[in-house]
Amino acid sequence: MGTAALRTENLSKRYGRLLAVDDVTLDVAPGEVFGFLGPNGAGKSTTIRLLLGLARPTSGRAWIFDTDAADVAAAHRRLAYVPADVALWPRLTGAEVLDLLGRIGPGVDTAYRDELVERFALDVSKPARTYSTGNRQKVALVAAFATRAPLLVLDEPTSGLDPLMELEFRRAVGTARDNGQTVFLSSHQLVEVESVCDRVGILRAGKLIEVATVAGLRRLHRTEVAATFTGTPPDLTGVPGVDALRGDGVSALRFTLNGPPAAALRALADAGVATIAVREPSLEEIFLAYYGGDVR
Ligand SMILES: Nc1ncnc2c1ncn2[C@@H]1O[C@H](COP(=O)(O)OP(=O)(O)OP(=O)(O)O)[C@@H](O)[C@H]1O
């Protein structure tokens, strides 16, 4: 295996009695789009701050490609970062901010930057102090996507964007992927994560409790089945993998299915199934199953 674009090894950060990041070991491959999920306070931003050298780990290490994250000057030559709360220089215009960010970063594709300014409908002639939260976020995103940085680290990148701009964001992530750039993004927007990420990591109370592809996550979880029958629905009690059975008492049955479906399908076929609908859980349902309303 080659060098990971981003790597942590037993990374921990303690704030007093609180272990904000707890022994996180993670590899993100070059070219991957990785989603970092977790409820408020799970430790996503702290992990990102450790990766960026903005905070020092209590223990463990982090690397950006082959550079120790603590070597900030070297590590930041390979990355562009969009923080959750974008602060800009208030007196500079959007265009001046983009110019400045371009000059301190690892090189800019100015034609693509101009295209992104159009697509994100940014008026770059105005001073940054007049920008809304969403517009400040757009400036930072345009600056990051226009760089040639091999790694883009985006903390809650679409929290201030409207749905149209979210679509532009997804397009820009797709272009970054096509260019071979690695994208590491933290998010609460599960639909977005589902649509752009190759893999996701799920953080809970500072611990990385799952790392999987979105499809893999779904496989780990129950499938919802709804069936109707020409006659009386069968009794599927005790059929391997079948759970949470509920019927309408007439001709329909719903249940969840875990593991191989053969036994349940055989039972349905034998009972004269008329229609069958199989639904995979959404990332939101999976997410709720992990947290069950619990935050930290
Ligand atoms: N500088 C700090 N001093 C003390 N505690 C901190 C500090 N920074 C973060 N924390 C705590 O660490 C925990 C993790 O916070 P963090 O901001 O990393 O979570 P998050 O997953 O990014 O949450 P959100 O989705 O709300 O942004 C929280 O309980 C937070 O209060």
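Start at the ligand: β2 and α1 each supply at least two residues of the shell around it. Helices (DSSP runs of H or I, at least four residues) and strands (runs of E, at least two) are numbered from the N terminus.

Before going on, a word about what you have open. Residues are numbered from 1 along each chain as its sequence is written. This is a predicted model, in which local features need pLDDT of at least 70 and side-chain atom pairs count only at pLDDT 80 or more, while totals for chains, interfaces and linings use all residues.

**Stop 1: the ligand shell**

Select Y15, L18, A20, G38, N40, G41, A42, G43, K44, S45 and T46, which surround the ligand; a residue qualifies if its C-beta atom, placed from the backbone, lies within 6 Å of the molecule. Which element gives the most to this shell? It is α1, with 3 residues. Colour the shell by class and you will find 4 nonpolar, 6 polar and 1 charged residues. Here Ala, Val, Leu, Ile, Met, Phe, Trp, Tyr, Cys and Pro count as nonpolar, Asp, Glu, Lys and Arg as charged, and the others, Gly among them, as polar.

**Stop 2: the hairpin**

Next, show Y15 and L18 together: Y15 stands opposite L18 in β2. β1 and β2 form a hairpin with 2 residues between them, and G16 in the turn has a positive phi of about 60°. Follow β1 (residues 6-15) along β2, where the two pair in the antiparallel sense over 7 bridges. Two strands pair if DSSP finds at least two bridges between them. Now pick L6, whose bridge partner in β2 is V28.

**Stop 3: the sheet and its helix**

Zoom out to see an open sheet of 4 strands, in the order β2-β1-β4-β5, with antiparallel pairing. Its edge strands are β2 (18-28) and β5 (67-68), each pairing on one side only. Then select α1 (residues 44-51), which lies across β1, β2 and β4 (59-64) and runs at about 60° to β2. Contact means C-beta atoms, placed from the backbone, within 7 Å; axes are lines fitted to C-alpha atoms, for helices over the stretch in contact, and angles run from 0 to 180 degrees between N-to-C directions.

**Stop 4: the domains**

Finally, colour domain 1 (6-218) and domain 2 (222-280), bounds that come from an automatic or database domain assignment. Their C-alpha centres lie 43 Å apart.

Technical notes: Two residues are in contact if their C-beta atoms, placed from the backbone, lie within 7 Å.
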